[in-house]
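The entries follow the order in which I looked things up.

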Amino acid sequence: MSKRTSLALALGLLLVLAGCTGLQQSESGVPTGQQAQDGYDALQSISGTVEYHYVSNETTSSAVVDVVKVPKEQNARQEYRSPARLAGDVTVSNGSMVWLYDESENTVTKMSVGDVNFSETRTTEFVRRVFANVTASSDTAIVANPVLPVGPVGTTSGESGITNADLGGPTKLAVEYLGRKTVAGRETVGVKLTPVSDESEDGLSKYIENVTYWFDAEYFVPLETTTVVAIDGEVTRNNRVYRNVTFNTGVSADQFSFEPPANATVTTPPKTRTTTFDTVAGATENVSFDVATLEAPAGYTLDEARVTRVRNHTTVSIAYSNATNEVTVSTRTPSLDSLPDAENVSLGRVTATVTEFGDTTAFQWQCGDRDITVRGDIARETLREIARNTADQCRTG
């Protein structure tokens, strides 16, 4: 199973009495894990206006979005008020289909919910874990097992319909209770999650400095979320806050249907078909072209061999990993028209481009009608030697 981070939309299930007075709090007055879970499970619908603010070292942006959600049925609708370039854009999901409407371009993208990769972490479980751990001790609680997700962190500027993310890898988090404050006229309870520094950790935990939530004190929906991310010295702050909100009233099924304008261009993205194998041979025997392989570093074992098909393109990816790192070789056919505009390096038989993002380096080159990519989060020169050995397999004649 790949260690890559997945994205999520989560639901609740049980119905309990509205209000908090009948629910048992901890002695400190902090909501218990069961109280948080029961509160979220009582949620039927939520509607309101959300402001998104994104600040980095270089840029600042914001958006205002009207939202309506029925989480148990995966029904959601959002419509942009601002900025001007997004005003009028609409995203609608009815639990089985998703429509993305771009008003300025008058285009609609339609896709099946089944084509979107959702997380397995449910919001009801997320809020239970958070408050169960914060009430476990008068000091900052450390969560190690099971892994606690970052949860519904929101989007950078509201432009994506997917609003949840998990921390990949064996993440440890410090959970701190922040007290109470009013958001959108509602009482909220705050918590701050901070990944515990550990060089062996993988995934988003290496980049997320902290995430702060202010949960509605009755339904435990996060009414304000702030995520601080740092990548290579670039610090970004993503804030999402409700300015008005209504629960469990005034929502109809008609709000989750979408009829494209008569003259709109409607497209359906190609479906991605992915098959995973326990052996390299299983993947290579599933395609009709030569697949690049690599000699994994000492101590690495096969993590996954995967064949992915999108329209007329097929990619075979073979990933090796140890406890802390991963190295992957991918073969794609037919090749792209050109390689990325990046630094050129010699790998003996071929000339490759090299790109870097965070801790990951990628060497890419063309071999006849195929593109080969070797990437990993290990030392660049070590990865370059692995790529060189892989490039020696290239035969174009």
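**Notebook: salt bridges, cores and rings**

I began with arginine 180, which counts as partly exposed at 34% relative accessibility (buried is under 20% relative accessible area, exposed over 50%, partly exposed in between, with a 1.4 Å probe and protein chains only). The model is predicted, so local features need pLDDT of at least 70 and side-chain atom pairs pLDDT 80 or more, while totals for chains, interfaces and linings use all residues. Residues are numbered from 1 along each chain as its sequence is written, and side-chain values use heavy atoms, with hydrogens and water left out.

**Salt bridges**

I looked up the partner of arginine 180: glutamate 187 forms a salt bridge with arginine 180, with the closest N and O atoms 3.2 Å apart (a side-chain nitrogen of Lys or Arg within 4 Å of a carboxyl oxygen of Asp or Glu). Glutamate 187 is partly exposed at 44%. The structure holds eleven salt bridges.

I then checked arginine 370, which bridges to aspartate 369 at 3.8 Å between the closest N and O atoms. Arginine 370 is buried at 9%, whereas aspartate 369 is partly exposed at 49%.

I also noted a network of salt bridges that links Arg186, Asp216 and Glu218.

**Nonpolar cores**

Of its 37 residues, Phe131, Phe215, Val221 and Phe247 touch the most other members. A second, separate core has 32 residues, including Phe277 and Val316.

I listed the contacts of phenylalanine 215 (heavy atoms within 4.5 Å), leaving aside neighbours within four places in sequence; among them are Phe126, Phe131, Glu187 and Val221.

**Rings**

I counted five aromatic pairs (rings of Phe, Tyr and Trp, the last by its six-membered ring, with centres within 6.5 Å; planes under 30 degrees apart are stacked, over 60 edge-to-face, the rest tilted). Tyrosine 101 and phenylalanine 258 have ring centres 5.8 Å apart and planes at 45°, so the pair is tilted. The two residues are 157 apart in the chain, with tyrosine 101 in strand β6 (residues 97–102) (strands are DSSP runs of E, at least two residues, and helices of H or I, at least four, numbered from the N terminus). Tyrosine 101 is buried at 12%, and phenylalanine 258 is buried at 13%.

Methods:
A nonpolar core is a set of buried Ala, Val, Leu, Ile, Met, Phe, Trp, Tyr and Cys residues joined through side-chain atoms within 4.5 Å.
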